[in-house]
Amino acid sequence: MSSAANAPSETPEYAQIDDQASNQNKKSTNGMKNTSHNAAASSSASATANSKNSHFSNITFEELRQLNDKFIKERNWDQFHSPRNVLLAMVGEVGELAEIFQWKGEVSEGLPELSPEEREHVGQEVSDILIYLIDFASRCKIDLPAAAMKKMEANARKYPADKVYGKANKYTDYQ
Ligand SMILES: [Mg+2]
């Protein structure tokens, strides 16, 4: 991750989130609050999952947000990235992802039925979706990783493992 000697980049005002979860998040990532250059460097350094139990590399949502923010500002595209526009762009990318699977029938985990080029394409489209999702959440002032963690906690309460084990019913069936 980045060196503490590097000045942290300025967080855009729209991305400043004041809730407690966000402050918690900032505390935990202070050492990684980096310039986009450093984020890019760390991205390439940890571009693959780094242990047997990891499916993903250690790149953070905040690093991706900073890189994307720089990409947008350098092109003067901020003016186009209203929350609504970003949301619609993201939905378009979901369509592009769905198009790869259209008419193929069921596919297995790991996508062995797809060609290497198609699997690469899947990675590109899920990335487009993620980048727009991060941009959307940021512009809505939603601390995405904290909100996702909170939602998973709510899901765990809504679907107690001992009640729903092996069942796919909706939560209202268990109340
Ligand atoms: Mg795309």
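Read from one end of its sequence to the other, the chain of this predicted model follows the pattern α-α-α-α-α-α-α, with seven helices and zero strands. The chain has 175 residues, of which 12% are buried. Among the contacts in the chain with a separation of 6 or more, 72% are between residues 24 or more positions apart.

Two helix pairs, both of which involve H5, are set out below.

| Helix pair | Angle between axes | Distance between axes |
|---|---|---|
| H4 and H5 | about 165° | 9 Å |
| H3 and H5 | about 90° | 10 Å |

With its angle of about 165°, the first pair is over the cut-off of 145 degrees, and H4 is therefore roughly antiparallel to H5. The crossing of these two helices, H4 and H5, is left-handed. On the H4 side the contact is made by Pro83, Val86, Leu87, Ala89, Met90, Glu93, Val94, Glu96, Leu97 and Ile100, while H5 contributes residues including His121, Val122, Val126, Ile129, Tyr132, Leu133, Phe136 and Arg139. By class, the residues of the contact of H4 with H5 divide into 14 nonpolar, one polar and seven charged.

The second pair has an angle of about 90°, which falls in the range of 65 to 115 degrees, so H3 and H5 are roughly perpendicular to each other. Here the contact is made by Phe61, Leu64, Arg65 and Asn68 of H3 together with Ile131, Ile134, Asp135 and Ser138 of H5. The contact of H3 with H5 consists of four nonpolar, two polar and two charged residues.

Which residues form the largest nonpolar core? This core has eight residues, namely Leu64, Leu67, Val86, Tyr132, Ile134, Phe136, Ala137 and Leu144. H3 and H5 each supply at least two residues of the core, and the largest share, four residues, comes from H5. One of the core residues, Val86, also takes part in the contact of H4 with H5; leaving aside its neighbours within four places in sequence, valine 86 is in contact with His81, Tyr132, Asp135, Phe136 and Arg139. Leu64 of H3 and Ile134 of H5, which both belong to the contact between those two helices, are likewise members of the core.

The backbone of two loop residues also deserves a comment. Most residues other than glycine have a negative phi. Asparagine 76, however, has a positive phi of about 55° although it is not a glycine, and this residue is found in the loop between helix H3 (61-74) and helix H4 (83-101). Lysine 141 also has a positive phi of about 55° without being a glycine, and lysine 141 lies in the loop between helix H5 (116-139) and helix H6 (144-158).

Lysine 141, with 15 C-beta neighbours inside 10 Å, counts as partly exposed.

Note on methods: Residues are numbered from 1 along each chain as its sequence is written. This is a predicted model: local features need pLDDT of at least 70, side-chain atom pairs count only at pLDDT 80 or more; totals for chains, interfaces and linings use all residues. A residue is buried if 20 or more other C-beta atoms lie within 10 Å of its own, exposed if 12 or fewer, and partly exposed in between; C-beta atoms are placed from the backbone. Axes are lines fitted to C-alpha atoms, for helices over the stretch in contact, and angles run from 0 to 180 degrees between N-to-C directions. Angles under 35 degrees count as roughly parallel, over 145 as roughly antiparallel, 65 to 115 as roughly perpendicular and the rest as oblique. A crossing is left-handed if the near helix is turned anticlockwise from the far one by less than a right angle, and right-handed if clockwise. Two residues are in contact if their C-beta atoms, placed from the backbone, lie within 7 Å. Ala, Val, Leu, Ile, Met, Phe, Trp, Tyr, Cys and Pro count as nonpolar, Asp, Glu, Lys and Arg as charged, and the others, Gly among them, as polar. A nonpolar core is a set of buried Ala, Val, Leu, Ile, Met, Phe, Trp, Tyr and Cys residues joined through C-beta atoms within 7 Å.
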